[in-house]
Amino acid sequence: MTDTITVIPGDGIGQEVVPVAVSVLDEVGEFAFEEYDAGDAVQAETGEALPAETRRAVEGSDATLFGAAGETAADVILPLRAAVESFVNVRPARAYPGVDALRPETDIVFLRENTEGVYAGHENRLSDDLSTLTRVVTDSASRRLAEFACDYVADGGGEFTVAHKANVMRETDGRFREAVLDVAEERGVPTDEVLMDAFATQVCLSPSAFDIVVCPNLAGDVLSDLAAGLVGGLGLLPSANIGEERALFEPVHGTAPDIAGEGVANPVATVSSAAMCCEFLGHDEGAERVRQAVLEVLADGPRTPDLGGEATTEDVERALLDRL
Ligand code: NAI
Ligand code: MG
């Protein structure tokens, strides 16, 4: 059966790296691709960063592959995560053989809460001097994330770490911490916990102390970018926004305006996101083939300038397709 994948390249290097992921997917499976607009460019043209037809397409398809949006990112990606009813953002951060990494022993998967926290959008300007933000934490979302984390580690018989700041945000992170630890206990999954600021130091000094890290929304955003720095940069990190029925796959990086249009963006983050998409759609073998091709190309080159190489995006695409 042919799976349909909604494709939204977006702005900046999204336009350069998403087509690489599409041609890689085309090589390993039977997929139909339907392309839609979102982001700064379509906003400038139509006044809408996320056209209704794009949102409808995402709501109507099992899987979406997204590049990045520029200044309109919050107007695009937050509603798109909502459109797939995503309750977790899965962000693996691993170092690759052959890639110069600050911490080559890093191999961590962040499971980030994806609907609430300080990204719930409740900000107010109360006076010329004062703005406020309301942080949202529910038992239901925290427990749903924890259930996913328990399923995620079950395969490897593993455990996970909860990163939070419940010593200060006693009510909100207190609720998050308690809900996650409760579910883990019910499920018999071993856990440990760490304060997120201490985690930021510990992960730099000894990344191999961490395997699966469950965290609130903002913490997951920031800490996974930090981990990107340990493994060789944002050009490598994929992500999956998983919902009950649908999912959206995207690199962790943005539109990279400093290199957009030069044809040198690293497509690995988006290609690895496509591998996660393959797996979500049940094409485990295709996913494995893509991962293997990425491993080999990163080890042997060609590599883009962010990894110290001189290759173009197209050189890396050709190498990936050759391996496949
Ligand atoms: P960024 O991720 O776009 O870039 C940060 C740095 O990493 C830049 O030096 C860039 O050249 C480099 N980089 C990122 N991806 C790369 C790749 N694939 N290959 C080589 N180098 C890469 O983050 P920045 O600069 O903070 O944001 C730029 C724009 O992107 C902003 O307008 C922001 O709103 C948007 N953004 C959108 C996101 C989304 O749509 N999900 C996520 C993050 C940022
Ligand atoms: Mg981010």
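In this predicted model, 10 strands form an open sheet with mixed pairing, arranged in the order 2-1-3-12-11-4-5-10-8-9. The edges of the sheet are taken by strand 2 (31–35) and strand 9 (191–195); each has a single partner strand, so one side of each is left without a neighbour in the sheet. From one strand to the next, the twist averages 25°. Strands of a sheet pair through backbone hydrogen bonds, in either the parallel or the antiparallel sense. An antiparallel example is found where strand 11 (residues 238–243) pairs with strand 12 (residues 247–251) over five bridges. Within this pair, Ala 240 has Phe 249 of strand 12 as its bridge partner.

Two packed helices are described by the angle between their axes and the distance between the axes. For helix 5 (residues 139–154) and helix 6 (residues 172–187), the packing angle is about 40° and the axes are 8 Å apart. Helix 5 is therefore oblique to helix 6, and the crossing in which helix 5 passes helix 6 is right-handed. On the helix 5 side, the contact is made by Asp 139, Ser 142, Arg 143, Leu 145, Ala 146, Glu 147, Cys 150 and Asp 151. Helix 6 contributes Arg 175, Phe 176, Ala 179, Val 180, Asp 182, Val 183, Ala 184, Glu 186 and Arg 187. By class, the residues of this contact between helix 5 and helix 6 divide into eight nonpolar, one polar and eight charged.

Side chains of opposite charge can pair when their charged atoms come close. With a cut-off of 4 Å between side-chain nitrogen and carboxyl oxygen, the count comes to 18 salt bridges. One of them joins the side chains of Arg 175 and Asp 139, at 3.3 Å from N to O. Arg 175 belongs to helix 6 and Asp 139 to helix 5, so the pair ties together parts that are 36 residues apart in sequence.

A further helix pair is formed by helix 1 (residues 14–28) and helix 9 (residues 268–280), whose axes come within 8 Å and cross at roughly 40°. This angle makes helix 1 oblique to helix 9, and their crossing is right-handed. The contact of helix 1 with helix 9 has 10 nonpolar residues, one polar residue and no charged residues.

Some backbone details in the loops also deserve a look. The peptide bond from Gly 301 to Pro 302 is cis, with omega near 0°. Pro 302 sits in the loop between helix 10 (284–300) and helix 11 (313–323). Glu 85 is not a glycine, yet its phi is positive, at about 50°; this residue is found in the loop between helix 4 (73–83) and strand 4 (86–94). A positive phi in a residue other than glycine is also found at Ala 256, where the value is near 45°. Ala 256 is placed in the loop between strand 12 and helix 9.

Terms used:
Residues are numbered from 1 along each chain as its sequence is written. Chains are lettered from A and ligands numbered from 1 in the order in which they are written. This is a predicted model: local features need pLDDT of at least 70, side-chain atom pairs count only at pLDDT 80 or more; totals for chains, interfaces and linings use all residues. Side-chain values use heavy atoms; hydrogens and water are left out. Axes are lines fitted to C-alpha atoms, for helices over the stretch in contact, and angles run from 0 to 180 degrees between N-to-C directions. Helices (H or I, at least four residues) and strands (E, at least two) are DSSP runs, numbered from the N terminus. Angles under 35 degrees count as roughly parallel, over 145 as roughly antiparallel, 65 to 115 as roughly perpendicular and the rest as oblique. A crossing is left-handed if the near helix is turned anticlockwise from the far one by less than a right angle, and right-handed if clockwise. Contact means heavy atoms within 4.5 Å. Ala, Val, Leu, Ile, Met, Phe, Trp, Tyr, Cys and Pro count as nonpolar, Asp, Glu, Lys and Arg as charged, and the others, Gly among them, as polar. Two strands pair if DSSP finds at least two bridges between them.
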